[in-house]
Amino acid sequence: MFYLWSKRVARVNTKQTKKRNLKESTLELTLKKLKELEKIDLNNESNKKVFYVNLSFILRDYIEKSFFVRTLEMTTEEIENAIEIFQFEEENFIKIINFLKKSDQVKYARHAPIPEKMIQDKKEIEEIIQAI
């Protein structure tokens with residue numbers, strides 16, 4: 001009888017642990033994704049575009065999940081023109097727009113920032129995400 005009871009308790013605890021893991025906050029998941037960007041070799045020219053694509057996606061995804069605004073489907077210009085639907089300070093909004101424009105230059109105009117600037121941009125996005 002004790003054996004059956006211990007099996008049941010173990011199964012219930014496993015289910016509760018899985019539920020807790022699924023409930024990780026959007027912020028925690030976003031910060032984990034940002035941490036994973038550190039694995040990218042920033043000295044490799046082809047990785048610069050990948051870095052900014054991922055960083056831009058992480059930012060847009062966080063805004064979409066936190067504020068329920070379809071930023072993944074919007075262009076930078078559409079986001080900039082829709083300032084009234086975003087529920088955070090204008091200073092942070094301006095920083096986000098400036099980053100998205102810079103990211104667009106790297107993705108589409110083949111602008112190649114130095115690795116130090118890329119690390120600085122990641123830190124700035126991390127600060128913005130934690131502030132909004």
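Analyst: Let's start with the ring pairs. Rings of Phe, Tyr and Trp (its six-membered ring) pair if their centres lie within 6.5 Å; planes under 30 degrees apart count as stacked, over 60 as edge-to-face and the rest as tilted. By this rule, there are 6 aromatic pairs. One of them is the edge-to-face pair of phenylalanine 67 and phenylalanine 88, with 5.1 Å from centre to centre and 65 degrees between the planes. Phenylalanine 67 belongs to helix H3 (residues 45–67), while phenylalanine 88 sits in the loop between helix H4 (76–81) and helix H5 (90–108), so this pair ties together parts that are 21 residues apart in sequence. The helices here are DSSP runs (H or I, at least four residues), numbered from the N terminus.

A word on where this comes from: the model is predicted, so local features need pLDDT of at least 70 and side-chain atom pairs count only at pLDDT 80 or more, while totals for chains, interfaces and linings use all residues. Residues are numbered from 1 along each chain as its sequence is written, and side-chain values use heavy atoms, leaving out hydrogens and water.

Phenylalanine 67 is buried at 15%, and phenylalanine 88 is buried at 14%. Another pair, phenylalanine 86 with phenylalanine 93, is tilted, with 5.4 Å between centres and 40 degrees between planes. Phenylalanine 86 is buried at 7%, and phenylalanine 93 is buried at 5%. Ring pairs join Phe67, Phe86, Phe88 and Phe93 into a cluster.

Now back to helix H3, which also holds serine 56. Serine 56 is buried, with 1% relative accessibility. Contact means heavy atoms within 4.5 Å. Setting aside neighbours within four places in sequence, serine 56 is in contact with Phe99, Leu100, Ser103 and Lys107.

Those contacts lead us to how two helices meet. Residues of H3, including Tyr52, Ser56 and Ile63, meet residues of H5, among them Ile96, Phe99 and Lys107. The residues of this contact divide into 9 nonpolar, 2 polar and 4 charged. Here Ala, Val, Leu, Ile, Met, Phe, Trp, Tyr, Cys and Pro count as nonpolar, Asp, Glu, Lys and Arg as charged, and the others, Gly among them, as polar. The axes of H3 and H5 come within 9 Å and cross at roughly 145 degrees; axes are lines fitted to C-alpha atoms, for helices over the stretch in contact, with angles from 0 to 180 degrees between N-to-C directions.

Technical notes. Buried < 20%, exposed > 50% of the residue type's maximum accessible area, 1.4 Å probe, protein only.
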